[in-house]
Amino acid sequence: MNIRTGFGYDSHRLVEGRPFLLGGVEIPFHKGGLGHSDADVLLHAIADALLGAVALGDIGLHFPDTDAAWKGADSRKLLAHVVHLLRERGWAVGNMDCTVVLEQPKLRPHVDAMRAVIAGLLEVPVDAVSVKASTNEKMGFTGRGEGVAAYAVVLVQRLQG
Ligand code: MG
């Protein structure tokens, strides 16, 4: 098999007084993700999708929240590290698609900035990176604004030679 797919999911609580990092971009909002790292739910879902594609476990295994080294960590570094792990094993990213679920704020104005950051981290063209957003119709924890969730799928391909 020269191609594989992977799936990732993550969620974080949204609380007052934290920066809201999403897809490596700071989104202007009065709440932000609560977590051991910078709580970038989208980059975490993408990292889990990549690890899943090559059956390397999950981000909890690679970046345990008991490890002080990752406290407040920039999730861009986590994702870059995961891409490096794949490269070492002869895999490169083909494309990535994701959906972020949250009620507020509107993400449309920030989607292209997120795509550019993610494409840089995954080492793919921007047109191989899709970022979509959905509300949850006011249902559940995302619908009540208590948290944000993200789902991601990736395709990876075996490098030549
Ligand atoms: Mg997370």
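Glu123 sits in the loop between α4 and β6, and its phi is positive, about 60°, although Glu123 is not a glycine. Helices here are DSSP runs of H or I with at least four residues, strands are runs of E with at least two, and both are numbered from the N terminus. This is a predicted model, in which local features need pLDDT of at least 70, side-chain atom pairs count only at pLDDT 80 or more, and totals for chains, interfaces and linings use all residues. Residues are numbered from 1 along each chain as its sequence is written, and side-chain values use heavy atoms, with hydrogens and water left out.

**Helix α1**

- Start with the burial: 12 of the 13 residues of α1 are buried (under 20% relative accessible area, with a 1.4 Å probe and protein chains only), so this helix is largely enclosed by the rest of the structure.
- Among those buried residues are Val41, His44, Asp48 and Ala53.
- The length checks out too: at 1.5 Å a residue, α1 should span 18 Å, and its end C-alpha atoms are 18 Å apart, which agrees. The expected span is 1.5 Å times one less than the number of residues.

**α1 against α3**

- The axes of α1 (residues 41-53) and α3 (residues 75-88) come within 9 Å and cross at roughly 10°. That makes α1 roughly parallel to α3 (an angle under 35 degrees).
- Axes are lines fitted to C-alpha atoms, for helices over the stretch in contact, and angles run from 0 to 180 degrees between N-to-C directions.
- This crossing of α1 and α3 is left-handed, meaning that the near helix is turned anticlockwise from the far one by less than a right angle.
- Contact (heavy atoms within 4.5 Å) involves residues including Leu43, Ile46 and Leu50 of α1 and Leu79, Val82 and Leu86 of α3.
- By class, the contact of α1 with α3 has 11 nonpolar, 2 polar and 1 charged residues. Nonpolar covers Ala, Val, Leu, Ile, Met, Phe, Trp, Tyr, Cys and Pro, charged covers Asp, Glu, Lys and Arg, and the others, Gly among them, are polar.

- Helix α4 (residues 111-122) packs with α1 at an angle of about 35°, their axes 12 Å apart, and the crossing of α1 and α4 is right-handed.
- Leu42, Leu43, Ile46 and Leu50 in α1 meet Met114, Ile118, Leu121 and Leu122 in α4. The residues of that contact are 8 nonpolar, no polar and no charged.
- α3 also packs with α4 at about 35°, with the axes 9 Å apart.
- There, Arg76, Leu79, Ala80 and Val83 of α3 meet Val117, Leu121 and Leu122 of α4, giving 6 nonpolar, no polar and 1 charged residues.

**Loops worth a look**

- Most residues other than glycine have a negative phi, and most peptide bonds are trans.
- Between β5 and α4, the loop holds Pro105, and the peptide bond from Gln104 to Pro105 is cis, with omega near -10°.
- His110 lies in the loop between β5 and α4 and counts as buried, at 18% relative accessibility. Leaving aside neighbours within four places in sequence, His110 touches Ile27 and Pro28.
- In the loop between β6 and α5, Lys138 has a positive phi near 65° and counts as exposed (over 50%) at 65% relative accessibility.
- Met139 lies in the loop between β6 and α5 and is exposed at 52%. Met139 and Glu103 are 36 residues apart in sequence and 9.4 Å apart in space, C-alpha to C-alpha.

Key: Angles under 35 degrees count as roughly parallel, over 145 as roughly antiparallel, 65 to 115 as roughly perpendicular and the rest as oblique.
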